[in-house]
Amino acid sequence: MTLAARLAQRGREVGTLLGLVALCLLLSALSPHFLTVSNLLNVMEQTSINAVIAVGMTYVIISGGIDLSVGSLLALAGVLLASGLASGLPPAVAIPLGLLAGAAGGLANGLLVTWGRLPPFIATLGMMSVARGAALLYTEGRPISGFEPGFRVLATGRLLLVPVPVVAAAVVYLVAHFVLTRTRFGRYVYAIGGNPEAARLSGVPVRFHQTMVYALSGVTSGLAAVLLTARLNSAQPIAGIMYELDAIAATVIGGTSLMGGSGTLGGTLIGALIMGVLRNGLNLLGISSFLQQIVIGCVIIVAVLVDSALKRPGR
Amino acid sequence: MRFPGRMVLAVLGVAGLLGCQRGEAPREAGRPRVALVLKTLNSPFFIDMQRGAQAAAANMKVDLVVQAAEREVDVEKQMQIIENLIQTGVKALCVTPSGSKEIVPALVKANHAGIPVVVVDTRVDPKAAAEAGLKTDVFVGSDNYEGGRIAGAHLVAITGGRARVAVLEGIPGHETGDSRLKGFKDAVKDAPGVRILASQTANWERDQGFTVFQNLLQAHPDLDAVFACNDMMALGAVEAIAAAGRTGKVTVIGFDAVEDARKAIAAGAMAASVAQFPSEMGRLAVESAAKLLRGEKPPADQRVRIELVTKDNLAAH
């Protein structure tokens, strides 16, 4: 990436961050309950699941694709994890099982996109239905619960006062950010999203890396499934409906372009926090869920409008 | 850089929107705030419940805040709402759980905050509650088992004890639907001439009720009755029966007695529906919460009446 592009990206991140700060100031002024330590921890906890899904989504979108199957893969990974736990498997075995389920679904997406040459929208739309159906079939539609109490530490535990899900999300972001910015894999993801043909001609194994990006998105869905299952102390086959839209929204609010080739995980994290803070604040203020949807929709539209206005030639 | 300026503008725009409409009732000093968290606000059932709750809040002199998630099945969002309401310092919580098991951790948080919990309409799963050490104070709801039972008894009566029946179930694992189904099955068990040929879920929805029942009619052309665990699915079945040209030949019994179902009963397209009284539930829930806050002890298990609505007593409802 050129220095100019890097600076532009940083500028966009700062802009989104200022948006988040302005939103927080506004909510602090409107509600006495917003700016308290316990509420801010509460918001971060509530945001962690969407934030983790949005990590994989950001990789996919930077690579020029889209992943509509994340919510369904979350449900499938969740019920497999939960049935493992309920049948007495220790979490150290059941959790990798859930992650593996997510990875397998993601891998299938990747293969359909690369070897099957399906548009990502279609491949992951199909997977969205297949994984949802599989989760329902496997559970006969019923939620699964009854885990050993130790597993819930993932939802209720604290590490130096910080809730474990928040710590988990932070670790995921640090690792994913490192991989995206400091490794060859990360550079290839940008290159593929920017111009797949150019990437191929300069020797990037495009298909392999594209496939891995979708598998990675499956893994982050699986991680989110672990957090959600611990949070609700049960797993539902109908969990995660429309979560893909929240993850896409966090990503685009964070400045990642749906055209591929540009974006940052820092931006996505801020985007996820904007969504979380907004929902929390609207709840605190007692705003009806109908109006909430309008507000959230407007925020998404405005963020992308600003983004595309900035990219217009002549700026 | 113009970006931050615009973002701030956007936020101010949001502020303007929020300023225009605050969902809260005007607060009166000294009144304790009671929260009512519903499954959804886009169904007549829960809107009625909200009305009953609001009337009771005015009588009992409490501030009522009503919230619901965007989607009925989204337990995680319901949990977020409960967490956020705890942050605002509500004094009591009334909730219609979107999932009997999944809601338990959220209610445990209310326990920890010392907020009394009134469960409305859908029970929490007793096993999950016991494992989590959850303590709820009051349950208010219809006796869904009894509702299913009177629907079954009515079916036996009007078919003379001879019928080939299909059942449209709700989402599996929902306590309300499961209880209705169990009551229905127990009621028809004693009539050997009544046979349940098929039992499938249509996920509480009208369009799925149509498709599923259309398919069932293909598989069993000789069906002569259907019991649907809610009216939405029953109304879907009514349309499927009309599409098959069998109107009047298949007895349809639903649950909830929503307005469209009453119209269908008046028109003879449905035989009956079991009426619940959601506004009564809302009233009892808020009254119980207010009593708990005064240190009184309302009954722990409050059953709201249910009634079978047929063409004969339609006018009375």
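Reader: Which residues have the most contacts inside the largest nonpolar core?
Author: This is a predicted model. In the largest nonpolar core they are Val118(B), Leu168(B), Phe213(B) and Met270(B). That core has 84 residues.
Reader: Take Leu168(B). What is it in contact with, leaving aside neighbours within four places in sequence?
Author: The list includes Val212(B), Phe213(B) and Leu216(B). Val226(B), Phe227(B), Ala228(B) and Cys229(B) are also among the contacts of Leu168(B).
Reader: And what does the second, separate core include?
Author: Leu68(A), Val70(A), Leu74(A) and Ala224(A) are among its members. This second core has 67 residues.
Reader: New topic. How many residues of chain B are in contact with chain A?
Author: 45 residues of chain B, and they touch 57 residues of chain A. The two chains bury about 4800 Å² between them. Carbon and sulfur atoms make up 60% of that area.
Reader: How many salt bridges cross the interface?
Author: Six. In one salt bridge, the side chain of Arg279(A) meets that of Glu70(B), at 3.8 Å from N to O.
Reader: Which element gives the largest share of chain B's side?
Author: That is α1(B), with eleven residues. Elements giving two or more residues also include β2 (63-68) and α3 (75-87) of chain B.
Reader: How do the residues on that side divide into nonpolar, polar and charged?
Author: On the side of chain B that touches chain A, 21 are nonpolar, nine polar and 15 charged.

Key: Residues numbered from 1 in each chain as written. Chains lettered and ligands numbered in written order. Predicted model: local features only at pLDDT ≥ 70, side-chain atom pairs only at ≥ 80, totals over all residues. Heavy atoms only, no water. Contact = heavy atoms within 4.5 Å. Buried area = accessible area lost by both parts, 1.4 Å probe. Salt bridge = Lys/Arg side-chain N within 4 Å of Asp/Glu carboxyl O. Helix = DSSP H or I, 4+ residues; strand = E, 2+ residues; numbered from the N terminus. Nonpolar A, V, L, I, M, F, W, Y, C, P; charged D, E, K, R; others polar. Core = buried A, V, L, I, M, F, W, Y, C linked by side-chain atoms within 4.5 Å. Buried < 20%, exposed > 50% of the residue type's maximum accessible area, 1.4 Å probe, protein only.
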